[in-house]
Amino acid sequence: ATATDENADVQISDAASLPGSTSVLVTAEDGVTSKTYTINFTVAEPTVGINDRNVSNSEFVKVYPNPVKEFLNIDFPTTGRRKIDLFNSYGQLIYSAQTNDFSSEIDLKPINIKGLVILQIKSDNSVSNHKVIVK
């Protein structure tokens, strides 16, 4: 907490644990007028867990090899329209393609990149991201 007047005083009593409360005592520049603010912290229950997701096998893809030198392979359990994007470590798009097949192969030689890249696969129903190391 920061006072808006440089002559005011602010004292904070931190919460000892969560859930818990923190109190902020602000004393005005006159040294007499004060107000205490209380901030209550709670811990929210997780809203999504692995057991809560309804994921069908059609959303799982196989990306190999990882690490990769020349050709990155992607296998899908079903056919369907998918967009494949590859991003460098700065988040810049370095490759993009579309496929309707069971598999796709990316030739990394013309891209001329090394290190960590993010492979993003979008379908009508899902988006998946995969970390891939290019040697």
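Tutor: Contact here means heavy atoms within 4.5 Å of each other. The model is predicted, with local features needing pLDDT of at least 70 and side-chain atom pairs counting only at pLDDT 80 or more, while totals for chains, interfaces and linings use all residues. Numbering runs from 1 along each chain as its sequence is written, and side-chain values use heavy atoms, without hydrogens or water.

The protein has ten strands and zero helices; strands (E, at least two residues) and helices (H or I, at least four) are DSSP runs, numbered from the N terminus. Of its 135 residues, 22% are buried, that is, under 20% relative accessible area, where over 50% is exposed and the range in between is partly exposed (1.4 Å probe, protein chains only). Among contacts between residues at least 6 apart in sequence, 35% join residues at least 24 apart.

Now the core itself. A nonpolar core is a set of buried Ala, Val, Leu, Ile, Met, Phe, Trp, Tyr and Cys residues joined through side-chain atoms within 4.5 Å. The largest one has 16 residues, and those touching the most other members are Leu 72, Ile 74, Ile 106, Leu 108, Leu 119 and Val 132. Two or more residues each come from β5 (71-75), β6 (82-87), β9 (115-123) and β10 (127-134). Strand β9 gives the largest share, three residues.

Val 132 shows the packing in detail. Leaving out residues up to four places away in sequence, Val 132 touches Val 63, Asn 66, Val 68, Leu 72, Gly 115, Leu 116, Val 117 and Leu 119.

The surface gives the contrast. Leu 18, Ile 39, Phe 41 and Val 43 make a nonpolar surface patch of about 370 Å². Patch residues have over 30% relative accessible area and no salt bridge; like charges are joined within 9 Å and nonpolar side chains (Val, Leu, Ile, Met, Phe, Trp, Tyr) within 5 Å. A salt bridge is a side-chain nitrogen of Lys or Arg within 4 Å of a carboxyl oxygen of Asp or Glu. Ile 39 lies in strand β3 (residues 34-41) and counts as partly exposed because its relative accessibility is 40%.

Asp 14 sits in the loop between β1 (9-13) and β2 (20-27). Its relative accessibility is 64%, so Asp 14 counts as exposed. Beyond neighbours within four places in sequence, Asp 14 is in contact with Ser 21 and Thr 22.

Technical notes. Accessible areas come from the Shrake-Rupley method with a 1.4 Å probe; for residues, only the protein chains shown count as cover.
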